[in-house]
4 protein chains.
Amino acid sequence: MNELRYEDGGVKGINAAYIGGGSRGWAWGFMRDLAADRRMEGEVRLYDIDRKAARNNAVIGARISAHSDAASKWVYVTSGSLREALTGADIVVISILPATFKEMESDVHAPERYGVWQSVGDTVGPGGFMRAMRAIPMYVEIAEAIRDYAPKAWVINYTNPMGVCMRTLYEVFPEIKAFGCCHEVFGAQKLLADMLADLRGITGVSRREIKVNVSGLNHFTWFDSASYKGMDLFPLYEEFIQKYYETGFAEKDDNWMNNSFECAHRVKFDLFRRYGLIAAAGDRHLAEFMPNVYLTSPETVKGWKFGLTSVKWRFDDLEKRLAISESLVRGDTPVEITPSGEEGHLLIKALLGLGDLVSNVNLPNKGQIENLPREVVVETNAIFRGGEIRPVLAGALPPNLLPIVAEHAHNQENTVKAGLFCDYKLGLSTFANDPSMRNVNLADAEELYISMLKAQEAYLPEPWRKYVGL
Amino acid sequence: MNELRYEDGGVKGINAAYIGGGSRGWAWGFMRDLAADRRMEGEVRLYDIDRKAARNNAVIGARISAHSDAASKWVYVTSGSLREALTGADIVVISILPATFKEMESDVHAPERYGVWQSVGDTVGPGGFMRAMRAIPMYVEIAEAIRDYAPKAWVINYTNPMGVCMRTLYEVFPEIKAFGCCHEVFGAQKLLADMLADLRGITGVSRREIKVNVSGLNHFTWFDSASYKGMDLFPLYEEFIQKYYETGFAEKDDNWMNNSFECAHRVKFDLFRRYGLIAAAGDRHLAEFMPNVYLTSPETVKGWKFGLTSVKWRFDDLEKRLAISESLVRGDTPVEITPSGEEGHLLIKALLGLGDLVSNVNLPNKGQIENLPREVVVETNAIFRGGEIRPVLAGALPPNLLPIVAEHAHNQENTVKAGLFCDYKLGLSTFANDPSMRNVNLADAEELYISMLKAQEAYLPEPWRKYVGL
Amino acid sequence: MNELRYEDGGVKGINAAYIGGGSRGWAWGFMRDLAADRRMEGEVRLYDIDRKAARNNAVIGARISAHSDAASKWVYVTSGSLREALTGADIVVISILPATFKEMESDVHAPERYGVWQSVGDTVGPGGFMRAMRAIPMYVEIAEAIRDYAPKAWVINYTNPMGVCMRTLYEVFPEIKAFGCCHEVFGAQKLLADMLADLRGITGVSRREIKVNVSGLNHFTWFDSASYKGMDLFPLYEEFIQKYYETGFAEKDDNWMNNSFECAHRVKFDLFRRYGLIAAAGDRHLAEFMPNVYLTSPETVKGWKFGLTSVKWRFDDLEKRLAISESLVRGDTPVEITPSGEEGHLLIKALLGLGDLVSNVNLPNKGQIENLPREVVVETNAIFRGGEIRPVLAGALPPNLLPIVAEHAHNQENTVKAGLFCDYKLGLSTFANDPSMRNVNLADAEELYISMLKAQEAYLPEPWRKYVGL
Amino acid sequence: MNELRYEDGGVKGINAAYIGGGSRGWAWGFMRDLAADRRMEGEVRLYDIDRKAARNNAVIGARISAHSDAASKWVYVTSGSLREALTGADIVVISILPATFKEMESDVHAPERYGVWQSVGDTVGPGGFMRAMRAIPMYVEIAEAIRDYAPKAWVINYTNPMGVCMRTLYEVFPEIKAFGCCHEVFGAQKLLADMLADLRGITGVSRREIKVNVSGLNHFTWFDSASYKGMDLFPLYEEFIQKYYETGFAEKDDNWMNNSFECAHRVKFDLFRRYGLIAAAGDRHLAEFMPNVYLTSPETVKGWKFGLTSVKWRFDDLEKRLAISESLVRGDTPVEITPSGEEGHLLIKALLGLGDLVSNVNLPNKGQIENLPREVVVETNAIFRGGEIRPVLAGALPPNLLPIVAEHAHNQENTVKAGLFCDYKLGLSTFANDPSMRNVNLADAEELYISMLKAQEAYLPEPWRKYVGL
């Protein structure tokens, strides 16, 4: 193991643990970002229950590190256990898939038989709830391991359901230095940049030049102020909606993901008309927080011009990414040092004292959002700098929006409690309280609840198994 | 005017103002209750915009006071203005109908064209919202009059929407000594008494012997504890539900109201299964707080065995009560000194120092419900005694129920703000936020909003009239 | 063991555990009060580390129970352990002396060498702090025993420091149903009754007829409203102070305590002039919360006409009470069924469902005092009735008084934390933060801190002993 | 008037109003800082009730602007009224002396006759209170003028008592965009930089490289974390105190102020031993918050090695500064473009969108300090950037320090209320509640209160004048 030290205006000897280090996609971007930055250097320990995937990424990481454009050299190794990965770690990255797409198939599609449609199914709704039930025990294990082996490490979470995962970490180990990152807000900043080009011909604006105040829950996040070089962007956004409310704004997305993730921002535009704030996540996510408006049927979804991401699509996409992985490992596809667009590496840099940074982050509410309950995990801006993350006061959510956000904040808390304490009754209430389930009567809701719990048999803790007769 | 004085273990010279004193029904009960109590005496000034109705009640009051069974003599006069009624008042009773059944017809039935059904339409939902829009300016006027002419009087409100009316009083005149009374909780206590008879053969139990902790919003009120002589009633209630969940419990209601108000408590039983608490209001009211479960169609309502109270029924019922009124005035129907079942007179007695009383009451939340926002009008127990009402700490609502109650608490606040400040946008958000409206798209919601506002043309303040093009 | 049962309009088969049951004085009154009440009957198990004292009280209890005036028969036994005393208990009374007068001698008199005078030394100040350090481990043990053997029992605490003892019980066993009773408030009510006689010739008023709103900390409790049959007593109290500010009001106290406890209420009167509220505790206690005003020297104390209760006096008094005890045991002094003036038995009765009662009580702050921190033990009114104690909302302390009360509330919390976690540094800060110690420099404060900790050698937990070199 | 516009990567056409623009000292530094910055340009309107002083500064400002080293050209004019100065202002600077040194003489020295010593007398204690009583009406006038003429301007306050002045601005005009700046924190950062040199030989560290978390009240501000390039400075500070606790650390201060402001940091060191946090203000200010420890007599003060700043010294110093002013106006003393060490101009730049900045600032508490009351003006870090100031969450004050800070927070609130509402009684309670006055009996306190109020006859609003018989 290395020892962290300050040298040449940078930091060397960093020990990073990457839980879920077999990731095909996100991990590659992270490794490229590290390679592109000359001020940090160290070792990344890849840990994954899919050992082969981790080993593949160690090979890919080595290729990236060896690339001639790489500004710094990182060492990639695999770890056989959480303990091995975490011991001595300065930084921990968590980015896992809770279980497999098989369980996710139940999450997303089982509720359809009661007319409940979900566009993603990983955050709220019956799918988000079930994903939470299996993610929570995994995060209990991770939190305990961090407490035991790396209690002072900075911990970045990328896994969904973000709020639930973060809350579990803090519930199990309150002193943990964890924060949750999500790029949905970046997308909303980019939309504002596109708007500047579309309406005013101002091009080349980077999303970081769009200054926003961020407030809400992950995937149901909002801007109540947005400016570009002192120019208030709200009047422009109204003009933009005037122009594109009906048609939607056809953004071209050139990243690796296909159109299953595209949207025309009509949900966003409608939310602005309803609440006067800029919703700052993809429409597929936003819609799930107000399902009775946007998700009542596949036709409704079509009308709002976003997509229902089927799990079938995910299976197909995974196959493609597995092929890319193999090709990268073999060296058939060359690695490149291009930025991922994420900013995890920048946050780490700031926390190590190499410059201050303001960014959006998910943390337990200590008052950063005045009128949401304390401890609920919320998303706001924070200042990252040498040794500390301090959320800024985002203020209060406006009264017209508050009931909707507060409802989901309470549900999030209940989901965490139900999962942590394997509380069948609270779980059922919470499952049935989700707005998407309010049209389903209690007996049907319970039938669905039990059958969805059963569908994830392999990941349920003992008490749950007993409740549902496994 | 009299002067209040303590004599013979009682209080004489009480000045009471009765706003809405032309009431046909509730007023008669109140006058009978006063007559039956030997420890209070004074004058009641009846004020009503329907002058004739007030004059009739003055005649009826005089007949009651002159009855041989009357234990005390009260004088009934009519007042020509709020000022006249209020000046020097020790007690103010407010029990008005905000506008007429014509406006209520729009409240209840207009939303049906978008598939939105309401069983009462006076508390929440589009009907409750519209009723609030016209009640708020009336309550502003009343609050200002109390501030100017009777700032130290105790003020009892009986008008719905209770929360909105109470909140307006406190918003306009924060020092007001107002509290809101509602008998729905009494009904739930009686149901528990009936249950004791049905399951255990314990008969003759009075509702006041059923000790309950009350917590929630008016018409969406809950018991989280209930006991009879030290016996916990929750296990009994579970047994009761086991027996009657499917059939409902066919309570016979022998008061003057017809079956339009009856219910079989199936909604209450279902809510207990969902949340583990005893809902403490009539099913017709409760259902409106979870309309997507209980009010999706007239068939659903039938299945839950409660009724949709049509405004046609109200018109018919009013005609009957008008006939009774005329008959009482003429002396054709004799008055009787029978208790009304209400307890307004008992609360007044306690406030005057004639004994302590614990009862449920609507007041701005100062912490009596720990996890609802401050200032929202909530219903809990309070101790009434010489010169003060002090709410007891009802504790926190349980987490599974909290999201639902909190949602309505926020809506209540927004309704009040929209009404007070004639805020078109906040009004529209709030109108559309109600769970019953969440399936209606924004354009339709706005169409309904405008047309319902127009339907109450005669009672809208100027700014609203302009917004909706009147 | 008996089983609790409702019979003949009362409760029989009550099991009460009395921790500190060897008490000479308070226990006798409690036993008389029980005997005088015909609606409760059962067994009291006396537990005391002074076994002989407990045995003596069992004999005295038996004599009281056998008295011809006794309305009910109670059985008195002694218990050899907490476990034995508590198992199956419905009611637990705790009234102990933390350690002996030897330790208290240090509490009260050691600080005098730095010019710090204390009139009681059992609540705040260096004496109160030290008493807390030895009471906390005792209360940890008691709380654990209640959790293990009588988790559903009602627990009444009478021991000082009240706030610290109560807070420890709730910290160790949060579900405990404990409340703290103190008669200081009764004395203030009696003073108001005496005032009615002195100023208006209204005699024979019982303290329970004086309705007060109680708010503050134990021994630093306040009335912000007080009335007698609807008459506001505040103007009268101003008149009273006008008359007696200089001379004091020479109350005759006819109970068994000698003049070491008397006061002329000059501190109370001065506090009214400072803050406009009626302080509701004896002057000796009140003075210790503002020592820089009232306790700067024995001469100052004399000027304010209250006394410094020396521990020498306590030793002498104890001897007298020991003699009475022996005489009662032998039967030389006959027992009598006279009321003690306390109301513990009435509260028990109310909790068992035999009538409602409003009284002052010490409980963790859940919002009953709006502007003191949550969880601090505060004293306010509460309603006691079948199965529950619910504090009433006492409101906010007035701004001018708030800084003084809040300061002590914070100190109380710190004292508890220092004691529970044997935190030397927090203990020292807290010890030095007390206003009586603010004139003492840090080195002197630490010397005193250590030497006073050493003086209670026999009762200090291990970590403390190490810190101070024992 | 100019119009603000973005040009060449900077902002031109800025309109600044300077209230108290006749300042001799602080204003000169501000004008130099503006001149040195090439990215801002505009006009400063100097307003002062001392017209001549303002005119002199306009001349000096013109000289600075004309200096060959000036990177930008600012125009300086004088305004005859608040209205004239404020209309159209983008930025408002307030830096006034509330009344004159004559009034301050009473503030500082009158209490000495009761043994109350003050080292500054402008923040808390009897002097701070009296200064507040005359500053509050001035700030009411200023707040109203800003509301009427420059409601959207950024407002920087430098006047003491900081908390009271800021609170008044927000109380009168809640939408004001005001913040309060103070350089005391900078001094504490510099001390840590000096420490790095003294203990580790690390020289040339700028105070901005010392990253601190700031929390507390102005002049009673604290660091609970401090680092330099990732190095935790707390262990070093302990070592530093070990070395210098007895002797003090003899800092050489090379600015224009003489030794009346110097200190040896012994108070700071003692506070660290008491509370474990780094106090972040000059000892003269800190001492006034714990007067019973540090200010009991001039000898005590000498022992702690700080000074009592007499008002005599202030008179003498003023004369010197008047002479410099005349010399600058005449051109006898040449102006120079040297940095003042303040950062007001940097904050303005950040607010205009020219880069982000984190700095300490005084603002009403919206939760940035978790355990102080809301609305009290507190000092913490905030992020300044395009169009917004957002305080960071500073967290909770540690429990051992909380009672002391909370006490002063409450006093600050009471002082503001007493001043705003001319509340004689609340004023007296508050005056007497200050820890420095707790040894003074109520009659003496009232005598001092009245006589000190009288001493500022010329500045007291009518109601006060009546109370004290003027």
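To compare copies here, they are superposed by least squares on the C-alpha atoms of residues with pLDDT of at least 70 in both. Done that way, chain A can be laid on chain B with an RMSD of 0.0 Å by a turn of 180° and a shift of 0.0 Å along the axis. That is the relation of a two-fold axis.

Welcome to the structure, which is a predicted model: local features need pLDDT of at least 70, side-chain atom pairs count only at pLDDT 80 or more, and totals for chains, interfaces and linings use all residues. Residues are numbered from 1 along each chain as its sequence is written, while chains are lettered from A and ligands numbered from 1 in the order in which they are written.

**Chain A as a whole**

- Chain A has 18 helices and 14 strands; helices (H or I, at least four residues) and strands (E, at least two) are DSSP runs, numbered from the N terminus.
- A compact globule of 470 residues would have a radius of gyration near 23 Å, and the 22 Å of chain A agrees with that. The radius is taken over C-alpha atoms, and the globule rule is 2.2 Å times the number of residues to the power 0.38.
- The C-alpha trace of chain A spans about 60 × 60 × 45 Å along its principal axes.
- Of its 470 residues, 55% count as buried. A residue is buried if 20 or more other C-beta atoms lie within 10 Å of its own, exposed if 12 or fewer, and partly exposed in between, with C-beta atoms placed from the backbone.
- Among contacts in chain A with a separation of 6 or more, 70% come from residues 24 or more positions apart. Two residues are in contact if their C-beta atoms, placed from the backbone, lie within 7 Å.

**Where chains A and B meet**

- Chain A gives 31 residues to the contact, and chain B gives 31 residues.
- On the side of chain A that touches chain B, two or more residues come from each of helix H9 (266–275), helix H11 (291–294), helix H15 (402–420) and helix H16 (424–433).
- H15(A) provides the largest share of that side, ten residues.
- By class, that side has eleven nonpolar, twelve polar and eight charged residues. Ala, Val, Leu, Ile, Met, Phe, Trp, Tyr, Cys and Pro count as nonpolar, Asp, Glu, Lys and Arg as charged, and the others, Gly among them, as polar.
- The copies meet through the same surface, because 100% of the interface residues of chain A are also interface residues in chain B.
- Of the residues of chain A, Glu407(A) comes closest to the rotation axis, at 3.1 Å (C-alpha).

**A look at Pro403(C)**

- Pro403(C) sits in helix H15 (residues 402–420) of chain C and counts as buried, with 24 C-beta neighbours inside 10 Å.
- Leaving out residues up to four places away in sequence, Pro403(C) touches Glu407(D), His410(D), Asn411(D) and Asn433(D).

**Backbone details to look up**

- Most residues other than glycine have a negative phi, and most peptide bonds are trans.
- A cis peptide bond, with omega about 0°, joins Asn160(C) and Pro161(C); Pro161(C) is in the loop between strand S6 (154–157) and helix H6 (162–172) of chain C.
- Lys229(B) is not a glycine, yet its phi is positive, near 45°. Lys229(B) belongs to the loop between strand S9 (220–228) and strand S10 (231–232) of chain B.
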